[in-house]
Amino acid sequence: MEKKILLPTDGSKNAERAGEYAISHADITGDEIIVLHVIDTDYLNSIPQPDIRNDLDKELRADGKRAVETFKNQLEESQCNGKCQNIEFKVLVKEGKPADVILKTIDEENIDQVIIGKSGKHGLERFLLGKTSDKVVKAAKVPVNVIS
């Protein structure tokens, strides 16, 4: 049975491991893996100068798109070993609060499963489950695999 897997990424090692897990557990007969990068707008909104905020927003969007494409390509090249021909990859770059955007994307894309890294790049969160992954686990109405 075909399913849609949401794979949020922030470029961290845990996100990379989540990608490896997603590939290894995807059905090679036609699953879709949606790679999602969320630009955290809380950081942008804290910048008081609109021109700097707009320039940074454009730069973050471009960097996010590049990072997600690179992440997707690395997954295809390093993990698929020729087995991903029937796995469809889709790339999304959105902005907002990461957990909220992930939860909204689950509904919008009719996601069947989420595979997410345990924590992102933030120092203190490395010792915890991770603010984003914790909120997704608690609120998602689909299975969520948290990979460390």
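G11 is exposed, its relative accessible area being 54%, in a structure that is a predicted model. G11 belongs to the loop that runs between strand 1 (4–8) and helix 1 (13–25).

Helix 1 comprises 13 residues and spans 18 Å from its first C-alpha to its last, close to the 18 Å expected at 1.5 Å a residue. Buried positions in helix 1 are N14, A15, A18, G19, A22 and I23. In general, an α-helix has 3.6 residues a turn, so residues three or four places apart point the same way.

E32 is placed in strand 2 (residues 32–40). With a relative accessible area of 12%, E32 is buried, because the cut-off for this class is under 20%. Leaving aside residues up to four places away in sequence, E32 touches K3, K4 and I5 as well as E88 and K90.

Helix 4 (residues 98–108) and helix 5 (residues 131–139) have axes that come within 8 Å and cross at roughly 35°. The crossing of helix 4 past helix 5 is right-handed. On helix 4 the contact is made by P98, A99, D100, I102 and L103, and on helix 5 by T132, K135, V136 and A139. Of the residues in this contact between helix 4 and helix 5, six are nonpolar, one is polar and two are charged.

Terms used
Residues are numbered from 1 along each chain as its sequence is written. This is a predicted model: local features need pLDDT of at least 70, side-chain atom pairs count only at pLDDT 80 or more; totals for chains, interfaces and linings use all residues. Side-chain values use heavy atoms; hydrogens and water are left out. Axes are lines fitted to C-alpha atoms, for helices over the stretch in contact, and angles run from 0 to 180 degrees between N-to-C directions. Helices (H or I, at least four residues) and strands (E, at least two) are DSSP runs, numbered from the N terminus. A crossing is left-handed if the near helix is turned anticlockwise from the far one by less than a right angle, and right-handed if clockwise. Contact means heavy atoms within 4.5 Å. Ala, Val, Leu, Ile, Met, Phe, Trp, Tyr, Cys and Pro count as nonpolar, Asp, Glu, Lys and Arg as charged, and the others, Gly among them, as polar. Buried means under 20% relative accessible area, exposed over 50%, partly exposed in between (1.4 Å probe, protein chains only). The expected span of a helix is 1.5 Å times one less than its number of residues.
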